Amino acid sequence: MNFKIIKRKKNSLARAGILETPHGNIETPAFVAVGTKATVKAVTPEQLQALGAQVVLANTYHLYLQPGAERIEKADGLGKFMNWPGPTMTDSGGFQVFSLGVAFGNKTSKIASSNFRGTGRFSSLYPSPQGGAGSDATENLPVPLQLSNLAKIDEDGVTFRSHLDGSEHRFTPEKSIEIQQKIGADIIFAFDECTSPEASYEYQKEAMARTHHWATRCLSKHQELKGEAALGNFYTRRSPPCPAGKGKAEKISECRQSLTNQQMLFGIVQGGRYEDLRKESVREISALGFDGFGIGGSFEKKDIATAVRWVNEILPEEKPRHLLGIGEPEDLIAAIENGCDLFDCVAPTRMARNGTLYTKGGRINITNAKFADDFFPIEKDCGCYTCQNFSRAYLAHLFRAKEILASTLASIHNLYYIINLVKTARQKILEDK
Ligand SMILES: [Zn+2]
């Protein structure tokens, strides 16, 4: 088994562990930096490593549309393509397909109204400071597309339109796994249906049954691809030879083969805010032989701890658990206390680009007038590159002058803050505190 629990906290579901991947170990609990389009916005991989990030998660939907999974495969996979040497993950693309397709005026979406901003899978739950809609997928939509219904769900998969050019595409469980295998991350996710926290019990039950059926298909496709990879000439047979010449192509082929052979697939537990559905979902998904689990939306912010506990009390202990799309500091602590190991969220970097910064005393907006003459760092005892070298006044100036370095420095601080918060929680578990 490639996941080891090294410490369990007394009277709690919290645990500290080590997840081994072909690109290095992840010490859990860990916050996963989100690099939606194969880049953590405004931050270089070197900066990301220096601030303590262990693992990056990219998005299947976005990379499939641009630059295309085949192109990433030709580059030897996601890590090589973006020059991130550590572990990588991709989500299944399900959330983006569903949030794009049914977000507007349909109860099956997580994005309940355009007065809410997205923070990943729990997009309907956090009021927006800007009043804008959406996740990374929706924030740049051209206006006519925002209002149209872009996706249709059936038992076999989802047909949707690209938010870039309106072209029609279709994801099935098999297609999602094929794309993720080409992208070549260390950890990938099964294709699931993401429901709204507002969806009725009946709809949650129906969607959950579909997610379970799709999970079985994802697992079979994953095993089939691994089997083909083990046979050897799979890649040279399928992909056009690398333009660099035969020798290089063979080497790349071997490399891809080993990426596929070692790729881990996580199944996703759904069931909304209903205890019986959540538990049924755990029983179904944990019986299937996944390498780990994703815990999907949707429940309300106040229910996160409870819903996560229902799930983690009965999930197999020895496999890693990733809470999808969660990243607010207080939610992370609640989820760690209740047995989650991994988290991802776009919030730290998205908020940073808007000038909203985390501090131990709460969020501040650096564009506020009072910071223009404040020559102290964002936080005096913060160890990040930004706080070690720059003042609030300088950052306030960069934001006002619309200098692009503002996004970089603010993102470095917010990522450092959130990654360090989770690292500190890990340390406390190790110390039984
Ligand atoms: Zn800092």
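**Salt bridges and the zinc site**

The side chains of Glu 20 and Lys 4 meet in a salt bridge with an N to O distance of 2.6 Å, a salt bridge being a side-chain nitrogen of Lys or Arg within 4 Å of a carboxyl oxygen of Asp or Glu. Glu 20 lies in strand β2 (residues 15-21) and Lys 4 in strand β1 (residues 3-8), so the pair ties together parts that are 16 residues apart in sequence; strands (E, at least two residues) and helices (H or I, at least four) are DSSP runs, numbered from the N terminus. The model is a predicted one, in which local features need pLDDT of at least 70 and side-chain atom pairs count only at pLDDT 80 or more, whereas totals for chains, interfaces and linings use all residues. Residues are numbered from 1 along each chain as its sequence is written, and side-chain values use heavy atoms, with hydrogens and water left out.

A search of the whole structure finds 28 salt bridges. Among them, Glu 337 and Lys 9 are joined at 3.3 Å, N to O, a pair that links helix α13 (residues 329-337) with the loop between β1 and β2, 328 residues apart.

The zinc ion is coordinated by Cys 382 (SG), Cys 384 (SG), Cys 387 (SG) and His 413 (ND1) at 2.1 to 2.3 Å, donors being N, O and S atoms within 2.8 Å of the metal (3.2 Å for Na, K and Ca), with water not among the atoms, so that sites may look incomplete. In sequence, these donor residues follow the spacing C-x1-C-x2-C-x25-H.
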